[in-house]
Amino acid sequence: VQLQASGGGLVQAGGSLRLSCAASGNIVSINTMAWYRQAPGKQRELVASISSGGTTNYADSVKGRFTISTNNAKNTVYLQMNSLKPGDTAVYYCNVYISQSSTYTYTNYWGQGTQVTVSS
């Protein structure tokens with residue numbers, strides 16, 4: 001299984017970016033998909049998650065600005081980031097629980113990370 005993240009970049013404060021993360025390989029089922037971020041000198045933190053049933057959860061710092069969504073047919077999770085702030089600058093990682101068998105035993109996978117830099 002591989003997770004390929006893309007969409008990061010440099011944007012001015014108030015701008016928008018859309019991150020994508022596509023899972024590929026032998027996938028039977030996907031459970032929770034999420035985005036985390038890690039700023040320099042800080043711990044990795046949960047930004048947003050979405051369950052297989054569509055329930056979403058957001059960090060307080062991004063509520064109302066970020067939206068997580070999925071395309072289940074493409075095994076892809078997205079993070080639409082609007083009204084970006086310099087404090088959103090970080091490496092963003094996708095995180096997905098994947099089962100590769102009909103026993104539905106899920107393993108946690110991480111994407112490679114994509115840099116988001118917001119200038120003031």
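I counted the secondary structure elements and found zero helices and eleven strands in the protein. I took both as DSSP runs numbered from the N terminus, with at least four residues of H or I for a helix and at least two of E for a strand. The order along the sequence is β-β-β-β-β-β-β-β-β-β-β.

I noted that this is a predicted model, where local features need pLDDT of at least 70 and side-chain atom pairs pLDDT 80 or more, while totals for chains, interfaces and linings use all residues. Residues are numbered from 1 along each chain as its sequence is written, and side-chain values use heavy atoms, without hydrogens and water.

I looked up the overall dimensions. The C-alpha trace spans about 50 × 25 × 25 Å along its principal axes. Of the 120 residues, 40% are buried (under 20% relative accessible area, 1.4 Å probe, protein chains only). I also checked contacts (heavy atoms within 4.5 Å): of those with a separation of 6 or more, 55% are between residues 24 or more positions apart.

I then turned to Asp88. Asp88 sits in the loop between strand 8 (76-81) and strand 9 (90-99). Is Asp88 buried or exposed? Its relative accessibility is 2%, so Asp88 counts as buried.

I listed its neighbours, leaving out residues up to four places away in sequence: Asp88 touches Arg37, Arg65, Phe66, Ser83, Val116 and Val118. I also recorded a polar contact (N or O atoms within 3.5 Å, one able to donate a hydrogen and the other to accept it): the Asp88 side chain reaches the backbone nitrogen of Lys85 at 2.8 Å.

Conventions:
Buried means under 20% relative accessible area, exposed over 50%, partly exposed in between (1.4 Å probe, protein chains only).
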